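Morning, everyone. I'll keep this brisk. Please look at the sequence and the model on the screen.

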Amino acid sequence: MAVERTLSIIKPDATRRHLTGQINARFETAGLRIIAQKRIQMTRAQSEGFYAVHAERAFYNNLCDFMSSGPVVVQVLEGEDAIQKNRDIMGATNPANAEDGTIRKDFAENVEANSVHGSDSPETAAEEISYFFSQIELIG
Ligand code: ADP
Ligand code: MG
């Protein structure tokens, strides 16, 4: 197991319900360090660029609307096996299928407004981190 970095996003449904602190506590309790973090509101174009990999999916347009509909907190998490560990803490995409005690089980509103994003591989983690952060903003 190696120390990794992963991109996390606290989505608009969660910032709207003031869940940033509770979600961050789950990361830190699990041993993931928040080494960069900023609150932004994505433009529609920025949201489209971030989710370009999903451009052909039926949910893409609604997803881009949703992700640019309010503030998000973009952050870089660092720790042992951080990419998979964060996916485990998040839970399944659809909260109806998420394990008890996961962020999505406890906080998500539905399969779209599911409170958090997390990178799914080392390659996407590197791409997604560089989409929002420059090297000088990562304080490891
Ligand atoms: P994950 O965020 O778990 O990696 P995906 O990469 O498959 O999931 O999808 C990206 C995001 O698109 C999801 O987090 C969710 O917000 C949205 N999404 C995924 N599937 C659906 C769906 N069937 N209907 C509506 N939105 C969806
Ligand atoms: Mg994904």
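**Around ligand 1**

The shell around ligand 1 splits into 3 nonpolar, 3 polar and 4 charged residues. Here Ala, Val, Leu, Ile, Met, Phe, Trp, Tyr, Cys and Pro count as nonpolar, Asp, Glu, Lys and Arg as charged, and the others, Gly among them, as polar.

First, the ground rules. This is a predicted model, where local features need pLDDT of at least 70, side-chain atom pairs count only at pLDDT 80 or more, and totals for chains, interfaces and linings use all residues. Residues are numbered from 1 along each chain as its sequence is written, chains are lettered from A and ligands numbered from 1 in the order written, and side-chain values use heavy atoms, without hydrogens or water.

Which residues are around ligand 1? They are Lys11, His54, Phe59, Leu63, Arg87, Thr93, Arg104, Val111, Glu112 and Asn114. Each has a heavy atom within 4 Å of the ligand.

Now the polar contacts, meaning pairs of N or O atoms within 3.5 Å. A side-chain N or O atom of Thr93 sits 2.5 Å from a ligand oxygen. For Arg87, that distance is 2.8 Å. For His54, a polar side-chain atom is 3.0 Å from an oxygen of ligand 1. Taken alone, ligand 1 exposes 530 Å², and the protein buries 78% of that. Those areas come from the Shrake-Rupley method with a 1.4 Å probe.

On to the strands, which are DSSP runs of E, at least two residues, numbered from the N terminus. S1 (residues 3–10) runs antiparallel to S3 (residues 72–80), joined by 8 bridges. Pairing takes at least two DSSP bridges. Ser8 stands opposite Gln75 in S3. S1 also pairs antiparallel with S4 (residues 116–118), over 3 bridges. There, Ile9 partners His117.

Note on methods:
Polar contact = N/O pair within 3.5 Å; in protein donor to acceptor, adjacent residues only side chain to side chain. Helix = DSSP H or I, 4+ residues; strand = E, 2+ residues; numbered from the N terminus.
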